[in-house]
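Please open the structure in your viewer and follow the stops below in order. Each stop names a selection and then describes what is found there.

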Amino acid sequence: MRRGATALAIAAVTGLALAGCSDSSGSGPELKVSGAYMPQPVGDGEMAAGYVIVKNSGDTADKLTSVTSTLSGDITMHVTKDQKMEQVSSLPVPAKGELDLERGGNHLMFMGLKTRPELGEKVAVELHFEKTDPIKVELPVKETTYNPKNS
Ligand code: CU
């Protein structure tokens, strides 16, 4: 109790807003990644899509801002609007909600693949967020037509 009162007193004196420090309240974004996969690319395997679900159990929203991988140096985030893909600079992870990448919808786009992903292989990816530290995730390579909604 005494410690809290002291912190408040310091904030009052210095004019610092405690709310500005995301660690002080312990209620920042809390992210968990699930359902990751990559459908095996067709043809030359020049490009591939990737899907993940990012759940946020915290009460602060976050954003997926970039994706990196040893498979490709050119990974972008796409939304699908009127059946057309559109590149975006970030994807929202709402507070107490989730960012759901799925077939026919939002997805990650891997261009200029360095190797051809084979079935059963796992593609290591790092997800970068606006607030949360990067999260490493492995995307298992599935059949080209794989859709978790149908299985
Ligand atoms: Cu795309």
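This is a predicted model: local features need pLDDT of at least 70, side-chain atom pairs count only at pLDDT 80 or more; totals for chains, interfaces and linings use all residues.

Residues are numbered from 1 along each chain as its sequence is written, and side-chain values use heavy atoms, with hydrogens and water left out.

Next, colour by secondary structure. The protein has two helices and ten strands, which are DSSP runs numbered from the N terminus (helices H or I, at least four residues; strands E, at least two).

Now select Leu-64, Phe-110, Leu-127 and Leu-139. These have the most contacts inside the largest nonpolar core, a group of 30 residues. Such a core is a set of buried Ala, Val, Leu, Ile, Met, Phe, Trp, Tyr and Cys residues joined through side-chain atoms within 4.5 Å. Strand E2 gives the most to this core, with five residues.

Stay with Leu-127 and display its surroundings: its contacts (heavy atoms within 4.5 Å) include Val-33, Val-52, Leu-108 and Ile-135.

Finally, select Lys-55 and Glu-98, whose side chains meet in a salt bridge at 3.8 Å, N to O. The term denotes a side-chain nitrogen of Lys or Arg within 4 Å of a carboxyl oxygen of Asp or Glu. Lys-55 is partly exposed, at 44% relative accessible area, and Glu-98 is partly exposed at 34%.

How values were computed:
Buried means under 20% relative accessible area, exposed over 50%, partly exposed in between (1.4 Å probe, protein chains only). Lists of a residue's contacts leave out its neighbours within four places in sequence.
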